[in-house]
Amino acid sequence: MSAADSASSSPLTPSRPRRKITAAKRHASPSGDEAKPIPRRPKRKTAAGKRTPKKPKWDAESILKDPKSPLATANLRSILCNPMAWTALDSDEKTEILSLFPDQGHILDSGTEDARPNFASLMNDDSFRYDCAAYTENIAQGRHDPEWLASAWSAHERRKAGDFDEYLIDKLEEDWGVEVPEDFKLRRVPPETEADGDDAVREESGSRGADDRMEMDELAA
C-alpha cells in the first residue's frame, strides 16, 4: 500500500462534504418586501359639450340677394320647370304663382283645382328663357341688394323729375354730332304750379310730346 492510499483512507483525515446543487427557480414569486405597482384609475370620459346647430349658410332671403348665391350660377329655367318644384308648394302658393302669369297660354286646366304650369311650353318660350337668365344675372351683379334697389329707385325718381334732362341732351348731341332743336327739348313744369293739382310732371315738347322723350332716352342710353 502506498503512502497516498494510506493517507486518504486514514480516519484522521477530514473529508469535504459535497455541495448539493439545486436548479435556480426561474419563476420565483415576489417577496413580501417587494414594492407592488399602484393600480391606476381608468380615465373618465368627459361628456361632450352640446353643439349648437349651425345656422344654414343660405336662407330664403339671402339666396335671392347675395351675389355669391348658388342661384347666381344655377340654371333657373330648368329648376322652375322641374315638376318637383311645383309639387313642393301648397295650394295657396300655387294659386298665387298662377295669378302672376301674364296669360293663360302656359297654364294647363286653367280655372280648375288641377291648374298647373305647362312646363313643356315654358321650356320653349324665349321670353321665359330670357327672364330666367336676366334674373340670375341681376343676382350676380348685386341688383337685388336692398341698398342697390334703394339707390336705383332714387335715381328713377330723379330722372322722372327731370334732373338728367340736360345730361341726356348733351350726351345725345355729343354721340350723334347733332344739335337738338329747341322745339324737341323738354320743358318741365313743377307740380305745385299746375292748375289741375295733378302731381305728375307735365312735359311741354312742341309737336311730338312724350314720344320724343322716349326716343331721346333710347338714343342717349
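1. Glu93 counts as partly exposed because its relative accessibility is 34%, a value that lies between the 20% limit for buried and the 50% limit for exposed residues. The model under discussion is a predicted one, and within it Glu93 sits in helix α4, which spans residues 91-99. Glu93 also belongs to a surface patch of negative charge, where it gathers with Asp90, Asp92 and Glu96.

2. Ile79 is part of helix α2, made up of residues 76-80, and, with a relative accessibility of 40%, this residue is likewise classed as partly exposed. Once its neighbours within four places in sequence are set aside, the contacts of Ile79 are with Leu71, Ala74 and Ala85.

3. Leu186 is placed in the loop that runs between α8 (165-176) and β3 (187-189), and its relative accessibility of 14% puts Leu186 in the buried class, for which the value has to be under 20%. The C-alpha atom of Leu186 is 8.8 Å from that of Gly162, although 24 residues separate the two along the chain.

4. As to the protein chain overall, nine helices and four strands are assigned, and their order from the N terminus is α-α-α-α-β-β-α-α-α-α-β-β-α. Of its 221 residues, 18% count as buried, while the accessible surface comes to about 19000 Å², with 53% of that area belonging to carbon and sulfur atoms.

Key:
Residues numbered from 1 in each chain as written. Predicted model: local features only at pLDDT ≥ 70, side-chain atom pairs only at ≥ 80, totals over all residues. Heavy atoms only, no water. Patch = residues over 30% accessible without salt bridge, like charges linked within 9 Å, V, L, I, M, F, W, Y side chains within 5 Å. Areas by Shrake-Rupley, 256 points an atom, 1.4 Å probe, with all protein chains shown as cover. Salt bridge = Lys/Arg side-chain N within 4 Å of Asp/Glu carboxyl O. Lys, Arg positive; Asp, Glu negative; His and termini not counted. Charge placed at Lys NZ, Arg CZ, Asp CG, Glu CD. Helix = DSSP H or I, 4+ residues; strand = E, 2+ residues; numbered from the N terminus. Buried < 20%, exposed > 50% of the residue type's maximum accessible area, 1.4 Å probe, protein only. Contact = heavy atoms within 4.5 Å.
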